[in-house]
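Here is my note on the salt bridges in this model. Please read it alongside the coordinates.

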Amino acid sequence: MIRAMMFAVVLATLAACAPPPPSSGDEVQRLANEIQRLGPDIDPEEANRAARIAYSYTAQLVQEYQITDPPLIHNAKVNNGRRPRGLCWHWAEDIERRLDQEQFRTLEMHRAIANADNPFRIDHSTAIISRKGESMYEGVVLDPWRYGGVLYWSPLTEDTRYDWVPREVVLQQRRQEQYGTLKPYAGG
């Protein structure tokens, strides 16, 4: 049993340290096309701008975060104070914040967390872009952490590696777990 668990840990670690997928050169346009497919009322200029920013800002964050290692090794460096930022939630927060600055009329940002209920895996956060008014489940995952600074994107429904849950739901569950047993203040 212990060997099987050790083997699973080693496999999970190796998978998390896998090299990024090769780039084909037209990633920005492919992402813009995917964002445009979110609905007929998506402004093509907004889809193109969102895709350009997602890629260029990811490249900027690679420099700011001083990314030189696979994600889990970089996480250890951040947690030990040897790197300024670069945990998955940093990437998600920064990408969301940057795209929100654009004040898109036809697009909207969401945040999601995976593995929050799995004690054998670390939580993973991401940003998701969707058509304005749609849920994150109809959106496109924007995940620069997964491959150490190479932007991974996919329609959420096709991202089978993670079971994404809205960030607000996970945070509410954690608040209930931490504070659910406290009695309300009675005054006095």
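1. Basis. This is a predicted model: local features need pLDDT of at least 70, side-chain atom pairs count only at pLDDT 80 or more, and totals for chains, interfaces and linings use all residues. Residues are numbered from 1 along each chain as its sequence is written, and side-chain values use heavy atoms, with hydrogens and water left out.

2. Count. A salt bridge here is a side-chain nitrogen of Lys or Arg within 4 Å of a carboxyl oxygen of Asp or Glu. That rule gives 18 salt bridges.

3. Glutamate 45 and arginine 49. Their closest N and O atoms are 2.9 Å apart. The two sit 4 residues apart in helix 3 (residues 44-65), about one helical turn. Helices are DSSP runs (H or I, at least four residues) and strands likewise (E, at least two), numbered from the N terminus. Glutamate 45 is partly exposed at 39% relative accessible area, whereas arginine 49 is buried at 18%. Buried means under 20%, exposed over 50%, partly exposed in between (1.4 Å probe, protein chains only).

4. Glutamate 46 and arginine 105. This salt bridge has its closest N and O atoms 4.0 Å apart. It links distant parts of the chain, 59 residues apart: glutamate 46 in helix 3, arginine 105 in the loop between helix 5 (88-100) and strand 1 (107-114). Glutamate 46 is buried at 3%; arginine 105 is exposed at 58%.

5. Glutamate 93 and arginine 97. The N to O distance is 3.7 Å. Both lie in helix 5, 4 residues apart. Glutamate 93 is partly exposed at 21%, and arginine 97 is partly exposed at 46%.
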